[in-house]
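Here are my notes on the model you sent. They are set out as numbered points, to be read beside the coordinates.

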Amino acid sequence: MSSVLESLREQAGIAGPASELANELLLLTDQYQKGELNRDEFNYLVQEIADVRAQQELAHDEIACRFIVDAATILLSVV
């Protein structure tokens, strides 16, 4: 999981829609680890990013879209 978080941190440092979604995934992970979100809330919000927002906001960039979806999927499977 740490390598996924590191990749998300790198992506978050680059301007653009993919960085915004990467930053949101990092924020959600942090909130979950702090107990601010329960597991169901975390799963729902991460799945929303993977299923809807990545497809809409990154429709023009297939590689970035796949990266966000893959990262979200890994986060859901690890948490």
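1. The model is predicted, and local features are discussed where pLDDT is at least 70. Side-chain atom pairs count only at pLDDT 80 or more.

2. Helix H2 covers residues 17-33, which makes 17 residues. From first C-alpha to last, H2 reaches 25 Å, close to the 24 Å expected at 1.5 Å a residue. Its buried residues are Ala 18, Ser 19, Leu 21, Ala 22, Leu 25, Leu 26, Leu 28 and Thr 29. Just after H2, Gly 35 has a positive phi of about 85°.

3. Two packed helices are described by the angle between their axes and the distance between the axes. For H2 and H4, the axes come within 10 Å and cross at roughly 10°. An angle under 35 degrees counts as roughly parallel, and H2 and H4 are therefore roughly parallel to each other. On the H2 side the contact is made by Ala 18, Leu 21, Ala 22, Leu 25 and Thr 29. On the H4 side it is made by Ala 64, Ile 68, Ala 71, Ala 72 and Leu 75. By class, the residues of this contact are nine nonpolar, one polar and no charged.

4. H2 also packs with H3, at an angle of about 175° and with the axes 10 Å apart. Angles over 145 degrees count as roughly antiparallel, so H2 and H3 are roughly antiparallel to each other. H2 contributes Pro 17, Leu 21, Glu 24, Leu 25, Leu 28, Thr 29 and Tyr 32. These meet Arg 39, Phe 42, Leu 45, Val 46, Ile 49, Arg 53, Ala 54 and Glu 57 in H3. The residues of the contact of H2 with H3 divide into ten nonpolar, one polar and four charged.

5. Which residues does Ile 68 touch, not counting those up to four places away in sequence? The contacts are Ala 18, Leu 21, Ala 22, Leu 25, Ile 49, Ala 54 and Leu 58. Ile 68 itself is placed in helix H4, residues 62-78. With a relative accessible area of 0%, Ile 68 is buried, because the cut-off for that class is under 20%.

6. Side chains of opposite charge can pair when their charged atoms come close. The structure holds five salt bridges. One of them joins Arg 9 to Glu 6, with the closest N and O atoms 3.7 Å apart. Arg 9 and Glu 6 are three residues apart in helix H1 (residues 2-12), so about one helical turn separates them. Both partners are partly exposed: Arg 9 has 46% relative accessibility, and Glu 6 has 39%.

7. Lys 34 and Asp 30 also meet through their side chains in a salt bridge, at 3.2 Å from N to O.

8. Another salt bridge links Glu 57 with Arg 53, the closest N and O atoms being 3.0 Å apart. Both residues lie in helix H3 (residues 39-57), four residues apart, or about one turn of the helix. Glu 57 is partly exposed at 25% relative accessibility, and Arg 53 is partly exposed at 22%. Salt bridges that share partners join Glu 24, Arg 53 and Glu 57 into one network. Glu 24, Arg 53 and Glu 57 are also among the residues at which H2 and H3 meet.

9. Ala 59 belongs to the loop between H3 and H4. Ala 59 has a relative accessible area of 62% and is exposed, because values over 50% fall in that class. Ala 59 and Gln 31 are 28 residues apart in sequence, and their C-alpha atoms are 28 Å apart in space.

Conventions. Residues are numbered from 1 along each chain as its sequence is written. Side-chain values use heavy atoms; hydrogens and water are left out. Helices (H or I, at least four residues) and strands (E, at least two) are DSSP runs, numbered from the N terminus. Buried means under 20% relative accessible area, exposed over 50%, partly exposed in between (1.4 Å probe, protein chains only). Contact means heavy atoms within 4.5 Å. The expected span of a helix is 1.5 Å times one less than its number of residues. A salt bridge is a side-chain nitrogen of Lys or Arg within 4 Å of a carboxyl oxygen of Asp or Glu. Axes are lines fitted to C-alpha atoms, for helices over the stretch in contact, and angles run from 0 to 180 degrees between N-to-C directions. Angles under 35 degrees count as roughly parallel, over 145 as roughly antiparallel, 65 to 115 as roughly perpendicular and the rest as oblique. Ala, Val, Leu, Ile, Met, Phe, Trp, Tyr, Cys and Pro count as nonpolar, Asp, Glu, Lys and Arg as charged, and the others, Gly among them, as polar.
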